Amino acid sequence: MNQSEIIKQMSDQEVKKSLVFSQLLFISIAFVLSVFLFDNLTDWQLYFNWQWREIVYYGIFSGLLVVSIDLMIMKTIPKRFYDDGGINERIFTSLSIPEIIGVTLLIAISEEFLFRGVIQTVFGYVFASTLFALVHIRYLKKPLLLISVLFVSFLIGYIFEVTGNLLVTITSHFTIDVLLGLIIYFKK
């Protein structure tokens, strides 16, 4: 049974709980790994800078660029090429607008803590970006979705290379997820 079929059998509440659980698991893994891989837990402080220009320029603008590209793809390419089996539709149509904002913020924080904050800082840009794409397993069978998630992963990883600032990558990730989530929500 594939991920799409499993999601279809779950209630809306179970889908929400599963999503939140997976993100809390990512945060927990990030914390545990940082205990073992960082010299000191205060190393986390190095990755948080309230540089508003960076946050807006690299975070928000890159997120808007990705969403614009995704919207162009949705307008020009048949849905079967970018459909993830209805999983994103199921998730975002079952949430309220405040829940979409909260869940996408949780996703951005947890995934960026793990993939950029720990994995990229210790194992490097290419490894972290590739692993990030592989974790999004439902996209692996769809070439367009795989290319898209690889592009986004390497873009956000590159942004972290340039800025060294998790607030920027969290902002970019959040911008992408919240806007695409709201687009799916309002399409219903």
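This is a predicted model: local features need pLDDT of at least 70, side-chain atom pairs count only at pLDDT 80 or more; totals for chains, interfaces and linings use all residues.
Residues are numbered from 1 along each chain as its sequence is written, and side-chain values use heavy atoms, leaving out hydrogens and water.

**The surface patch**
- Helices α2 (12-37) and α5 (97-123) each supply at least two residues of the patch, and the largest share, 5 residues, comes from α2.
- Helices are DSSP runs (H or I, at least four residues), numbered from the N terminus.
- L41 sits in the loop between α2 and α3 (52-76).
- With a relative accessible area of 38%, L41 is partly exposed (buried means under 20%, exposed over 50%, and partly exposed in between, using a 1.4 Å probe and protein chains only).

**One face of α6**
- Helix α6 (residues 125-135) has A128, S129, F132 and A133 buried.
- Seen down the axis of α6, these buried residues fall within an arc of 135°, so they line one face of the helix (the arc is that of the directions from the helix axis to the C-beta atoms).
- Their cover includes α5, α7 (143-163) and α8 (166-187).

**Inside the cores**
- The largest nonpolar core has 17 residues, and L114, F115 and L166 have the most contacts inside it.
- To this core α2, α5, α6, α7 and α8 each supply at least two residues, and α5 gives the most, with 5 residues.
- Apart from it lies another core, of 14 residues, including M10, L19, L95 and I107.
- A nonpolar core is a set of buried Ala, Val, Leu, Ile, Met, Phe, Trp, Tyr and Cys residues joined through side-chain atoms within 4.5 Å.

**A buried glutamate**
- E112 lies in helix α5 and, at 0% relative accessibility, counts as buried.
- Leaving aside neighbours within four places in sequence, E112 is in contact (heavy atoms within 4.5 Å) with I107, G117, I156, L166, T169, I170 and H173.
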